[in-house]
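Good morning. I will take a few minutes to go through one model, and I will start by putting it on the screen.

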Amino acid sequence: MADETKATDAGQRYAQSLFELTIESGSLTKVEADLKSLKAMYADSADLRRLIASPAFSAEDKGKGLAAVAKKAGFQPLTTKFLGLVAANGRAADLMGAITAFAELSAKHRGVVTAEVVSAAALSPAQLKGVQAALAEALGKTPEVSTRVDPSLLGGLKVRVGSRLFDASLRSKLDSLKFALKRA
């Protein structure tokens, strides 16, 4: 699955609006937990990915589907309304980017650095602790780390902190070696 979490301009605007509403209502942590849960559901469910991304479903159908997911998961009313608004405005495809942008706004508000670690296989708790320690030393702050598995990396890690990407994956090393051999 491709990385579809980059925030578009529309996703950024939706995230900013939701963030401001959560600050006003004092529900930042609850809405953030809902959105993290939805992002995990999106990663795990091909049907949910299809519903959100496919142009075959109307905005109304996407809204109904997201409302059903929100109800079943017990999301906050503000989160449910947000999902309905995004779907009704035909912006469901920007939803994952909006969730990523919201998490960044929330982390900035709390003074925390977020990092996404992508690995070829699931990291053990000891490996994750080692990555967190290395990031804390390099960044000077304790990061909130989210992990994702991408078997196409073959080995190694990709770490994204803000707009910076540190690529120590076997796939990128093989690609650069292949490029060097073609030039020779």
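First, the ground rules. This is a predicted model, in which local features need pLDDT of at least 70 and side-chain atom pairs count only at pLDDT 80 or more, while totals for chains, interfaces and linings use all residues. Residues are numbered from 1 along each chain as its sequence is written, and side-chain values use heavy atoms, with hydrogens and water left out.

On confidence: pLDDT is the predictor's confidence in each residue, from 0 to 100. The protein chain averages 89, and 96% of the residues score at least 70. Helices (H or I, at least four residues) and strands (E, at least two) are DSSP runs, numbered from the N terminus. Confidence is highest in H5, at 94, and lowest in strand E4, residues 164-169, at a mean of 86.

Now the cores. A nonpolar core is a set of buried Ala, Val, Leu, Ile, Met, Phe, Trp, Tyr and Cys residues joined through side-chain atoms within 4.5 Å. Buried means under 20% relative accessible area, exposed over 50%, and partly exposed in between, with a 1.4 Å probe and protein chains only. The largest core has 28 residues, and those with the most contacts inside it include Leu 38, Phe 82 and Phe 102. At least two residues of this core come from each of H1 (9-25), H2 (28-44), H3 (46-53), H4 (59-73), H5 and H6 (95-110). H6 gives the most, with 7 residues. There is also a second, separate core of 7 residues, including Val 113 and Val 161.

Next, aromatic pairs. Rings of Phe, Tyr and Trp (its six-membered ring) pair if their centres lie within 6.5 Å; planes under 30 degrees apart count as stacked, over 60 as edge-to-face and the rest as tilted. How many aromatic pairs does this rule give? The count is 2. Tyr 14 and Phe 82 are edge-to-face, 6.5 Å centre to centre with 70° between the planes. That pair links helix H1 to helix H5, across 68 residues, and both Tyr 14 and Phe 82 are buried. Phe 19 and Phe 102 are also edge-to-face, at 6.1 Å and 70°. Phe 19 lies in H1 and Phe 102 in H6, so this pair ties together parts 83 residues apart in sequence. Phe 19 is buried, at 10% relative accessible area, and Phe 102 is buried at 1%.

Contact means heavy atoms within 4.5 Å. Not counting residues up to four places away in sequence, Phe 102 touches Ala 15, Leu 18 and Val 31, among others.

H2 and H6 pack at about 145°, with axes 10 Å apart. Axes are lines fitted to C-alpha atoms, for helices over the stretch in contact, and angles run from 0 to 180 degrees between N-to-C directions. Among the residues that meet are Leu 28 and Tyr 42 in H2, and Ile 99 and Arg 110 in H6.

Last, two residues. Thr 79 is in helix H5, residues 77-88. Is Thr 79 buried or exposed? Thr 79 counts as buried because its relative accessibility is 0%. Beyond four places in sequence, Thr 79 touches Val 31, Asp 34 and Leu 35.

Phe 75 lies in the loop between H4 and H5 and counts as buried, at 10%. Leaving aside neighbours within four places, its contacts include Asp 34, Leu 38 and Leu 83.
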